Amino acid sequence: MDNPKENKNEIKFNFSLILSYIFLGMLVTEIYIIINMFVARFLFYITGVLDPKSDWIIGLIYVGLIYIGFLNKESRKKWYLIFKSKRFDLLILVSTGIILTFVYEGFGIFFIQKWIDDLSAMQISGLIVSPIVIIGITYLQIYINKKAELRKKKDEKDKSSNFMSDLAEEKRENDKFDLTNQANNFAENVYNNGSKESLVFGIDAPWGSGKSTFVNFCKEYWEEKYKEKIIVYNFDVLRYEDEKNLFNKFVDGLIKEIKNNMFAPELESLISKYAKILTDSKATISLGPFRFGSPIEEESIDKIVDRLKDILKRIDYKIIIIIDDLDRLNFSSIKEILFVIKKAFTFPNISYVLCYDTENISALEQQKVNEEKLSEFLEKFINIKISIFVEQLFMKNYFLQVEEQSLSSDLLNNNKFILKSVEGLREIFDGTDFHHYFSFIGDARKIKRLVNTILLLKVEETDFYNYDFDRQDLIHLLLIYINYPIIFKKIYSTEMYGKSGFFSLVLPHDKGYPKEKDSEFQSSNGNNYKNSIYYNDYLQKLSNDQRFILNKVFEAKYRLNTGIRESSKEILKNHTYACFNKNLIRYLDLIVKMAQPIKTEQYNFYNNELYKFTSEQGLNINEILLQSDFKNNIFNQLEFFKVILNNSYHNISKEKAREIISYIASNLSRYSLIKTLENDFSTREVMIYFLVKLLDEIGWEDGGIRRQNNVDENVLLISYWIYGEKEYENIGILDTLINNTNDILGIHDLLSFRSNCIAGPNSNMFNLARALSLHSNSVAILSGVVLDLVIEEMRELSQKVFKIFKIKYIDHRKNIFEDVYDLTSKEILGDNSQNFKDLINNKEIAKLELENKTEYTKDSIIWSIIFYLGNIESSGTIGCGYYDTEGNQDNHEINILVNDYLFDICFGLNELKDNYKYFLNYLLLIKNGNKTSRIILNQQLKLEDFTSVLSKEKIIEYWDKNNQEIKSRNYEKDHSSLYFKRYKDSYKEDIIEIYKLLDEEISKGS
């Protein structure tokens, strides 16, 4: 038997519904009658007949209005829901209202008829035409909107974002995290076999783990399987967080969603009443500016709840209310939502899905409730809870796998975004310490934020292939930049603009270096790098995560003691690691200023060019150096050869070795003799050094590409190449050096080559020294006193170099001073002659006039030729003068011949040349070369200063014979002499001092 209380409620409910729908029928009929009156009066003015049949006109108007209604998608859906509901009872009520209105010929029609009869033809026409205009404009707006929508869709295809979207995935086909099966199972459980039981489900997962995507997959599942059985209401809490009436907004949205999916006027009305009662608001009627309470609507909450339950039990739909981002509300709003669910809406056929992160909710509570207490609180409201855990592998595959192009599919316009930064991410995912990175890249949203930051800073425009960036350091510095801006600012302020040593590593002589004993750690490059005391103190103030990410970039033990032993990798490390200040500046400029490095200043660029050269089917050396980055830039070429030298011990084939060594020997004339580099070396001298080092490392063969078996017979190939013997006939180094430039520069190159071959105590040219020794003497002793070894090693080479000089100059009685001082600026500068002004502007060369600079270089050439040819000292640099022209007696025969050549040919009397100047110029070169050391040691000039090459007897003899003639020429007063320009500030005193010294030596002899 029915409950009387329920029957009473049902009767009251039906009475209210009857009145409203009868009234609707009456209203529709009244409108029809009024329109008929207007049309009749309009036709009367046209035809003169008062009551023609006008139903067909009215029918057309109604058909037009109905057609407009059906053009709108929402209107069509509402009509569909009405027809689908099969509410014939409501249709009968509407029909009753229509019949009653026709029976009584309208209500209040008399007054309206009188008003219409008083209207003029123009007024009637206006009233008739107005609806037609409105209908026409409506059609036009619909047409314009459709066109705009089509155009928008087309534009969306053409335009795409440069950044990774943070929107949740809508379709399961786009599932990148293997959530589909879990979402399907969860969605099925929420449907709960269609049970009318009300449940609250919770999805507890961290931000960015895919909760919204998971919910979207559930909605797609419900749409496919239970389209006609489920109504899904997604309440966007963030939209109304600051609203005072959050509950009213929730109810309004729920009613709207119900209307969009089913025709149930009773349910909508009851929910609205229930919400008003809960919020202590009364139903009202509005008449103009006045509002009156509606006593007919006053009901108790119990009655409304009973009626709601009854209706919800009888509907064929299950209502699922989804509240996402619950943890983003303030804590009071969260409690309001939860209490409303608990108190009010535990009705049949209504279930809830709440998405939140317990950890973040606990962080919102000012009292910092622990997670266990918070979980107990949530359990009072949530019946069933699941968690989402995205596997590390799926995140890695989505964001990092090149073959799937996961990143590039999102970045669209940046489809080549496979950078070292992404490679660094891949290594982090694969690493054993990935758990330390959860707070940085532990979910999809954080990784997207990282990638979007990279795009925002235009990092993807960086040529990582050629630039010196370590993939790990770049990614870690970006993580610091994103997550800890204050720490990043500290790095920037302490390491830029000439400052260093706070975060970057320091050496023992640097400020902030720890003073304790340094036996604990030493880097593999031999420098005792450590973190500064400032860095260590700063770390103590930071959290574990902050310390971890900083140490990944700057901690000395981790960064340097990595077991790398190969020199090329060690060099690359020193060029790329951000723990070194000179490298860190490059990273900071890239991140803060979006400043791209200069490609030709990067080690990686030259390393890649080396690969082009050494790889199978690679470019030849001329093709490399004709590229725009090298063609007109000698210094870039030097950097390239330096990288070749650093990597020469492996991966350079016999053919490539011959190519590069032959190129350097044949093209020395392209390089400048003006000293412009660090340590006062010219580019030509550096190239000669490279030539000698390459001969030592790759000028021999053992049948393998890495050259590991340097036995005597293998390294002897170096000497064959130097002397042009056996397979190296016609391409010998000595012949090439003298034949590919003019004679005097060829001699200078030979002597520079020879001096670089000297294997002194600090030399590491073991192969070349052994080759020269064995070639000179097959049973040469290769171990023992270094000086003795050097003497043996250099004997044959010195004799051969002197022999070439003798042929070119002594035998032809050519004066080296004349040839040197006749050199042009172009010959001195090589290919740099066209770029001299640029070099001046770039401060590569001191800002001196070209003429002065080249003349100083000529002085240097003269000094080095004479010194390396005639020096007889056995300590330090051994000159050719130490040896005889043949044999191994070492009676300094070469020195004697050099002295004879100098005093007879270069300094001797010549009617056409003022050779006395050459003599004085050479003495001035020696005197000023030793000037600094003499001042420091407080020593006076003495004759022995000139006798490392020149014979003391020859000097005294020459001065005794020519001093009167020389003095008569008044050189000390000559301000125009080209050879004395270098000494223009002190040459007068210098010459007088030399005259005095030589005069004293003559006096001693007499």
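This is a predicted model: local features need pLDDT of at least 70, side-chain atom pairs count only at pLDDT 80 or more; totals for chains, interfaces and linings use all residues.
Reader: How many cavities of 30 Å³ or more does the count come to?

Author: Residues are numbered from 1 along each chain, and side-chain values use heavy atoms, without hydrogens or water. A cavity is a set of points on a 1 Å grid over the protein atoms alone where a 1.4 Å probe fits but cannot get out. By this rule, the number of cavities of 30 Å³ or more is 4.

Reader: Which helix gives the most to the lining of the second largest cavity?

Author: The second largest cavity has a volume of about 50 Å³. Its lining (residues with an atom within 4 Å of a point) includes Lys654, Ala657, Arg658, Trp700 and Tyr728. With 3 residues, spanning 654–666 as a DSSP run (H or I, at least four residues), the leading contributor is helix H31.

Reader: How are H32 and H36 oriented to each other?

Author: Val692, Leu695 and Asp696 of H32 meet Phe766, Asn767 and Leu768 of H36 (heavy atoms within 4.5 Å). The axes, lines fitted to C-alpha atoms over the stretch in contact, come within 7 Å and cross at roughly 80°. Since 65 to 115 degrees is the range for this class, the two helices are therefore roughly perpendicular.

Reader: Where in the chain is confidence highest?

Author: The chain has a mean pLDDT of 75, and 66% of its residues reach 70 or more. Over residues 400–418, pLDDT stays under 50. Confidence is highest, at a mean of 95, in residues 893–906, helix H42.

How values were computed. On a 1 Å grid over the protein atoms alone, a cavity is a set of points where a 1.4 Å probe fits but cannot get out, and a pocket is an open set with protein on both sides within 12 Å along at least five of seven lines; lining residues have an atom within 4 Å of a point. Grid points are joined across faces, edges and corners, and a volume is the space filled by probe spheres set on the points. Axes are lines fitted to C-alpha atoms, for helices over the stretch in contact, and angles run from 0 to 180 degrees between N-to-C directions. Angles under 35 degrees count as roughly parallel, over 145 as roughly antiparallel, 65 to 115 as roughly perpendicular and the rest as oblique. pLDDT is the predictor's confidence in each residue, from 0 to 100.
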